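Here's a quick briefing to read alongside the structure. Have the sequence and the 3D view open as you go.

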Amino acid sequence: MTTEATSAEMTDGFHLVIDALKLNGIDTIFGLPGIPITDLTRMAQGEGMRVISFRHEQHAGNAAAAAGFLTQKPGICLTVSAPGFLNGLTALSNATVNCFPMILISGSSEREIVDLQQGDYEEMDQLAIAKPLCKAAFRVLNAEDIGVGVARAIRAALSGRPGGVYLDLPAKLFAQTMDAAAGKASLIKVVDAAPRQIPAPDAVKRALDLLKGAKKPLILLGKGAAYAQADADIRALIEKTGIPYLPMSMAKGILPDTHEQSASAARSFVLPEADVVVLIGARLNWLLSHGKGKTWGGKDHKAWGGQKYIQIDISPQEADSNVATDAPLVGDIGSCVSALLAGIGSDWAKPPVEWTGAVAERKNKNVAKMAETLAKDPSPMNFQSALAVVRDIIKDNPEAILVNEGANALDFTRSIVDMYLPRKRLDVGTWGIMGIGMGFSVAAAVVTGKQVFAVEGDSAFGFSGMEVETICRYNLPVCVVVMNNNGVYRGTDVNQSGGKDVAPTVFVKGARYDMMMQAFGGVGVQAATPAELRAAMVEAVKSGKPTLINAIIDETAGTESGRITSLNPSAAKKK
Ligand code: ADP
Ligand code: TPW
Ligand code: MG
């Protein structure tokens with residue numbers, strides 16, 4: 001122990017928190033210092049933990065969430081009370097919605113004062129506020145309970161469906177002292193925090209029987225499948241069965257997007273046509289049109305298309321969420337997929353060629369069409385011509401992590417840029433939230449040590465743009481590409497009143513985001529052509545330096561809300 005707060009025989013709340021985290025293999029904290037946790041950040045660093053300090057807690061929280069997704073260990077976000085806590089809470093809530101394990105640890109004010117509402121410094125009943133927005137929330141009042149509190153938080157974050165956990169640590173707790181040996185004995189090393197959950201044999205048989213009878217089967221991989229790290233078995237299942245598969249955006253790369261069974265380029269063909277759909281770690285939420293409507297071959301937007309579903313999920317409540325689930329397979333993805341594999345012998349009949357042939361035909365047609373679009377070289381660049389460059393760079397650097405947000409900047413990247421390895425794509429997730437960009441990038445670089453590319457809409461980038469200082473401060477190999485089309489969706493909107501304010505979706509024209517990176521000692525480059533963009537990205541990889549490329553995109557190129565225009569209320573009115 002290194003600080004004055006402890007003698008050889010005594011320990012304190014600060015050190016017990018640090019020791020409890022370290023005992024459980026947690027070596028990094030993402031946070032922002034201030035009363036009452038400033039010393040905790042200092043001491044954690046002093047005790048050998050990596051403490052990554054951000055400019056705003058939301059991005060520290062997003063970093064923790066991404067770290068959780070990438071490592072299967074809960075990412076830790078540490079904040080001050082009330083405002084810092086609230087800033088972190090958005091990320092905690094988002095992590096919970098995304099099923100990413102993270103723990104938000106916030107210092108809080110004194111209970112006696114908070115509960116009597118006597119107006120303490122940063123007074124807020126944080127536990128009560130956090131509870132409905134995360135998977136579990138705990139408060140520790142006594143130093144001897146820190147071990148239990150941290151253990152419970154870890155178990156809650158990782159077991160079953162992963163999610164966000166809030167841990168409330170009142171200021172007084174940190175200064176509490178206790179006998180060091182008793183303190184050490186009070187800590188808990190969590191055993192088997194995410195126990196395997198083996199699916200029931202009858203449920204496996206039900207699923208296999210349904211799959212065997214399918215004429216047009218389809219496998220859908222979601223980010224739960226990426227999280228589960230069952231890559232080899234998932235690949236074996238797909239290849240042994242010969243079933244076409246479709247990855248959701250963050251499942252891209254579990255198998256390379258260039259895999260011959262990938263149906264990504266034939267999405268709008270396979271969804272309505274499939275007869276049996278196997279969902280692996282993917283929910284039938286809005287991202288899959290709730291399993292209904294024209295996307296699935298239904299007559300109108302409410303009609304089911306007739307598909308049967310096998311759903312692999314660790315949450316027993318996920319089945320029947322939107323349409324009937326014919327064969328729920330409840331368990332962890334690794335165990336469920338290997339149970340299915342065990343039932344697929346050498347006599348397994350691959351899907352009829354009428355199906356796989358039709359999928360391949362549609363796919364080849366769309367790939368050829370896309371190749372034509374990508375080959376064009378318009379001036380100024382459009383999303384496609386810029387992203388053709390990103391696509392090549394990722395192909396040459398398959399280990400790199402791609403962070404992606406925006407509307408058009410998101411949708412075009414998702415469909416154009418192939419991924420080759422699992423867990424290399426991090427994006428806006430289930431909520432379609434803007435602001436994950438720099439937090440996810442910092443986490444990806446810190447956790448993996450690999451090159452990170454962040455393809456950002458200019459609006460999306462603005463939500464976390466100040467964290468370029470964080471990227472520079474830790475000298476992280478992050479290359480941000482701002483797809484600058486002068487605004488939200490496009491830069492051409494006009495004020496409907498004819499007044500002097502610009503339209504709500506329009507930004508300063510020709511903004512120089514590259515200079516933001518230069519301000520902190522990083523590399524900032526303007527790119528007006530694909531050649532300039534390519535050169536800057538190649539140089540970023542070579543140097544490993546923090547880089548921001550301001551890619552000038554035709555301001556007329558985007559569409560309203562990217563690919564989800566139909567979700568705008570005014571579009572619904574037209575229906
Ligand atoms: P996507 O957005 O990519 O479609 P979702 O976030 O909707 O994916 O779905 C992820 C699903 O994966 C959640 O329902 C979650 O319960 C499930 N899940 C997460 N981890 C595991 C796991 N280890 N085993 C089984 N299911 C998991
Ligand atoms: C926290 C609403 C969805 S997409 C977007 C906003 C503001 C920005 C789109 O512009 P961008 O991309 O990034 O420049 P492009 O390529 O189309 O021009 N606040 C939050 N989350 C969301 N999703 C929004 C607002 C939104
Ligand atoms: Mg934009």
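Is C134 buried or exposed? C134 is buried, with a relative accessible area of 10%; buried means under 20% relative accessible area and exposed over 50%, with partly exposed in between (1.4 Å probe, protein chains only). Keep in mind that this is a predicted model, where local features need pLDDT of at least 70, side-chain atom pairs count only at pLDDT 80 or more, and totals for chains, interfaces and linings use all residues. Residues are numbered from 1 along each chain as its sequence is written, chains are lettered from A and ligands numbered from 1 in the order in which they are written, and side-chain values use heavy atoms, with hydrogens and water left out.

**Cysteines**
- The count of disulfides (pairs of cysteine sulfur atoms within 2.5 Å) comes to zero.
- For C134, the closest cysteine sulfur belongs to C77 and is 13 Å away, so that's too far for a bond.
- C479 is in no disulfide either: its nearest cysteine sulfur, in C472, is 12 Å away.
- C479 counts as buried too, at 0% relative accessibility.

**The magnesium ion**
- Ligand 3 is a magnesium ion, and D458 (OD), N485 (OD1) and G487 (O) coordinate it at 2.0 to 2.1 Å. Donors here are N, O and S atoms within 2.8 Å of the metal (3.2 Å for Na, K and Ca), and because water is not among the atoms, sites may look incomplete.
- Along the chain, these donors follow the spacing D-x26-N-x1-G.
- D458 sits in helix α19 and N485 in the loop between β17 (478-484) and α21 (514-519), so the pair ties together parts that are 27 residues apart in sequence. Helices (H or I, at least four residues) and strands (E, at least two) are DSSP runs, numbered from the N terminus.
- D458 counts as buried at 2% relative accessibility, and N485 does at 3%.

**Around ligand 2**
- Of the 17 residues around ligand 2, the ones that come nearest are N408, G432, D458, S459 and A460; to be near, a residue needs a heavy atom within 4 Å.
- The largest share of this shell, four residues, comes from α19.
- Backbone N or O atoms make polar contacts (N or O pairs within 3.5 Å) with ligand 2: that of S459 lies 2.9 Å from an oxygen atom, that of M434 lies 3.1 Å from a nitrogen atom, and that of A407 lies 3.2 Å from an oxygen atom.

Note on methods:
Polar contact = N/O pair within 3.5 Å; in protein donor to acceptor, adjacent residues only side chain to side chain.
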